[in-house]
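Let's take a walk through this structure together, one region at a time. Have the sequence and the 3D view side by side as you read.

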Amino acid sequence: MPNSDTFGAVEAGGTKVMCALLSGPDEILATARIATTTPEEVFGEMAAFFRKGAEKYGEPRGIGVATFGPVDLRDPESSAYGVIMKTPKPDWEGANWQSEVRALFPRTNFAIDTDVNAAALAEIQWGVARGLENVVYFTIGTGIGIGVVANGKPLHGLLHPEGGHIRIPRSTEEQVEFAGICPFHGDCLEGIASGPAIEARWGRAAEDLPSNHPAWEVEADVLSWACINLICTTSPERIIIGGGVSQQESFFPLLREKVVDRLNGYVDSPEITERIDQYIVPPALGQNAGLLGALALLS
Ligand code: ADP
Ligand code: ZN
């Protein structure tokens with residue numbers, strides 16, 4: 001039985017899976033960094049971490065998992081809940097977060113969502129979107145993910161938002177020439193604007209492109225359309241953008257300018273027309289956003 005005041009959090013990404021035991025958002029008791037190899041290896045190391053934690057602190061009250069997608073979130077009562085769906089990640093299709101957690105702690109609370117839905121919730125609870133109920137969270141890194149919280153709840157439906165795969169109008173001939181790298185769609189958003197897409201297109205890693213490189217104009221252009229599409233469809237009160245690529249210093253100013261310019265006054269809200277600097281913002285939770293996202297799923 002859960003018999004402690006600790007919570008387990010798992011943040012599963014394409015490169016690493018972080019596990020933590022926490023007693024609150026500011027109290028991380030232990031962490032483990034596991035390389036994202038095969039599910040067998042990852043689940044084995046995860047189990048060892050949580051077993052050891054339970055010996056010291058007691059069984060956690062809940063375990064939250066913020067994972068890369070696509071993940072089955074359709075029916076919490078179903079045995080398919082928490083299973084990774086069709087994915088280009090080798091070996092991960094069919095990997096089952098729920099059954100692994102249940103095998104460890106059969107009666108503890110289990111919660112799962114996409115990494116980006118979870119991060120949006122964490123930013124609402126403890127970060128840059130405190131008190132808001134409608135928030136969009138982008139991550140632009142190895143892939144592109146878009147989380148949506150609507151009316152205070154992470155958006156689910158057939159699946160969950162897969163905004164990384166929306167299509168984007170191209171502003172120049174030269175942009176049309178790049179075929180994109182998404183294995184499913186070629187030139188979807190992720191296919192043209194993720195870190196690996198930038199590298200494929202310009203021949204250099206995104207972090208090595210100087211802030212005056214034309215790549216950033218193109219990146220801001222593409223992301224401005226993505227923001228506008230999300231503004232016009234989900235009406236967020238704030239857009240948070242994280243991930244490695246967003247750390248480029250010229251990225252936010254260029255992006256904000258293009259969003260305002262291209263919306264052309266249509267969504268006539270002072271958040272956009274007067275306070276765009278506070279409307280499209282980086283996350284506040286930094287390195288811990290993913291783990292705190294997993295924790296936020298349990299509340
Ligand atoms: P992941 O998506 O694996 O969780 P990140 O969010 O760190 O990891 O994204 C990694 C991508 O971000 C890589 O493609 C890398 O080239 C790019 N990147 C990392 N740091 C920067 C930076 N300072 N400026 C621009 N791009 C960056
Ligand atoms: Zn795609």
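Which residues are the protein donors of the zinc ion (ligand 2)? In this predicted model, the donors are the ND1 atoms of His165 and His185 and the SG atoms of Cys182 and Cys188, at 2.1 to 2.4 Å from the zinc ion (ligand 2). The angles among these 4 donor atoms run from 102 to 121 degrees, and the site is tetrahedral. The call follows because four donors count as tetrahedral if all angles lie between 85 and 135 degrees. As a reference point, the ideal angle for four tetrahedral donors is 109.5 degrees.

Along the chain, the donor residues follow the spacing H-x16-C-x2-H-x2-C. His165 sits in the loop between strand 8 and helix 4 (173-176), while His185 belongs to the loop between helix 4 and helix 5 (189-193), so this pair ties together parts that are 20 residues apart in sequence.

Strand 8 leads us on to a sheet. Here 5 strands form an open sheet with mixed pairing, in the order 8-7-6-9-10. Strand 8 (153-154) and strand 10 (280-281) are at the edges, and each has a single partner strand, so one side of each lacks a neighbour in the sheet. Further in, strand 6 (residues 135-140) and strand 7 (residues 144-150) run antiparallel and are joined by 6 bridges.

Thr114 belongs to strand 5 (residues 109-114). Thr114 is buried, because its relative accessibility of 5% falls under the 20% cut-off. Beyond residues up to four places away in sequence, Thr114 touches Ala66, Thr67, Val71, Leu73 and His160. Val128, for its part, lies in the loop between helix 3 and strand 6, and with 23% relative accessibility it counts as partly exposed. The contacts of Val128, leaving aside neighbours within four places in sequence, include Arg238, Ile240, Val281 and Pro282. Val128 and Gln278 are 150 residues apart in sequence, yet their C-alpha atoms are 9.3 Å apart in space.

Strand 2 (residues 16-24) and strand 3 (residues 27-35) pair in the antiparallel sense over 8 bridges, and a hairpin of 2 residues joins them. Ala20 has Thr31 as its bridge partner in strand 3.

How do helix 1 and helix 2 pack, and at what angle? Helix 1 (residues 39-57) and helix 2 (residues 97-104) pack at about 35 degrees, with their axes 10 Å apart, and the crossing is right-handed. Helix 1 contributes Val42, Phe43, Met46, Ala47, Phe50 and Arg51 to the contact, and helix 2 contributes Trp97, Glu100, Val101 and Leu104.

One last stop is Gly203, in the loop between helix 6 (195-202) and helix 7 (214-234). Gly203 counts as exposed, at 61% relative accessibility.

How values were computed. Residues numbered from 1 in each chain as written. Chains lettered and ligands numbered in written order. Predicted model: local features only at pLDDT ≥ 70, side-chain atom pairs only at ≥ 80, totals over all residues. Heavy atoms only, no water. Pairing = 2+ DSSP bridges. Helix = DSSP H or I, 4+ residues; strand = E, 2+ residues; numbered from the N terminus. Donors = N, O, S within 2.8 Å, 3.2 Å for Na, K, Ca; no water. Tetrahedral: all angles 85-135°; square planar, octahedral: opposite > 155°, others 65-115°. Axes fitted to C-alpha atoms, helices over the stretch in contact; angles between N-to-C directions. Left-handed = near helix turned anticlockwise from the far one by under 90°. Contact = heavy atoms within 4.5 Å. Buried < 20%, exposed > 50% of the residue type's maximum accessible area, 1.4 Å probe, protein only.
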